[in-house]
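Hi everyone, thanks for coming. Let me put the structure up and walk you through a few spots.

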Amino acid sequence: MARKTLVTNWVHPEVLDLLSTRGAVEANTTREPWPRAELLRRARDADAILAFMTDHVDGAFLEACPDLKVVACALKGADNFDMEACRARGVDVTIVPDLLTAPTAELAVGLMIALGRNLLAGDRLIRQHPFAGWRPVLYGMGLDGAEVGIVGMGAVGQAIAHRVRPFRCRISYCDAHPLSPAAEDAQGLLRRDLAELLARSDYLVLALPLNAESRHLIDAAAIAAMKPGALLINPARGSLVDEAAVANALEANHLGGYAADVFETEDWARPDRPAGVEPRLLSHARTVLTPHIGSAVDSVRRDIALAAARNILRHLDGLQREPPSHDRSAA
């Protein structure tokens, strides 16, 4: 039986070449996602979908795509995909767990430096006014010797800690599943509870997945408990923070700055997700905002899509050898 794979966003040509070895491939060749109705029209006869952050697979999506067998996410976190609904219909969901870790951690450190050292404000100053030389302005916060608190110490949290350690930072963390004492000692990490982490950190970095427990973990109360002037860094998921509460704290001069690569509006699984980024964050001078480019290293994005494509090939090859099973579990 001929198989069809749908690729919902632009990928490198070698990804399409690989997928085409197992059947027909229909791909979005633009840099913008298809509207939902267009996506569903194209997906209705697909056996496999190579999916991205812009996609939301729920019960209604699955109902419209009766032939679907596998959703291969070019992602590490699959919070935009209804795992229970997929499992109930025998649709496998796969992720790419490792390749996004290093570039995401790298960007997190870049956001810390950009926010702490006023890089964007300095760039604007040069571009908007004739540069007459040094002035005693834009004094910020350095990383050297800073108290860095990391919320979440999985692969990304550990990669961030590894990268800031040469700055002689004092690194603390909290996690519902803490590392072993030996691992903490080896990595120079001090475990604290969230309340203590909030109170002590100069830089608070979020590195945990989005789920029902972590949504708006950093809300108005948590921000009020942070050290005055502290900097909040979010390279993980937008809805970990309440963006309106962040804007309020910036306007009150309690929060020293906010840097984010992710935003609440991206979290499709939330029925109440906002239509856009909190406007006051866009206009505030003490924000550094990037358009979800944590893994946007060309070679890394190619490898992520290739890994997702190989997940599809493995699944389609298995279908050719075995009768379909409705007892498949999501990865």
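Start with Arg273, which lies over the face of Trp268, 3.8 Å from the ring centre. By "over" I mean that NZ of Lys or CZ of Arg is within 6 Å of the ring centre and within 35 degrees of the ring normal. Arg31 also has its charged end over a ring, that of Trp10, at 3.7 Å from the centre.

Quick background: this is a predicted model, where local features need pLDDT of at least 70, side-chain atom pairs count only at pLDDT 80 or more, and totals for chains, interfaces and linings use all residues. Residues are numbered from 1 along each chain as its sequence is written, and side-chain values use heavy atoms, with hydrogens and water left out.

Now the inside. The largest nonpolar core has 30 residues, and Met112, Val148, Ile150 and Ile160 have the most contacts inside it. Such a core is a set of buried Ala, Val, Leu, Ile, Met, Phe, Trp, Tyr and Cys residues joined through side-chain atoms within 4.5 Å; buried is under 20% relative accessible area, exposed over 50%, partly exposed in between (1.4 Å probe, protein chains only). Helix H5 gives the most to this core, 8 residues. Helices (H or I, at least four residues) and strands (E, at least two) are DSSP runs, numbered from the N terminus.

Apart from that core lies another, of 27 residues, including Leu206 and Ala260.

Last stop: is Glu184 buried or exposed? Glu184 sits in helix H8, residues 181–187, and counts as buried because its relative accessibility is 9%.
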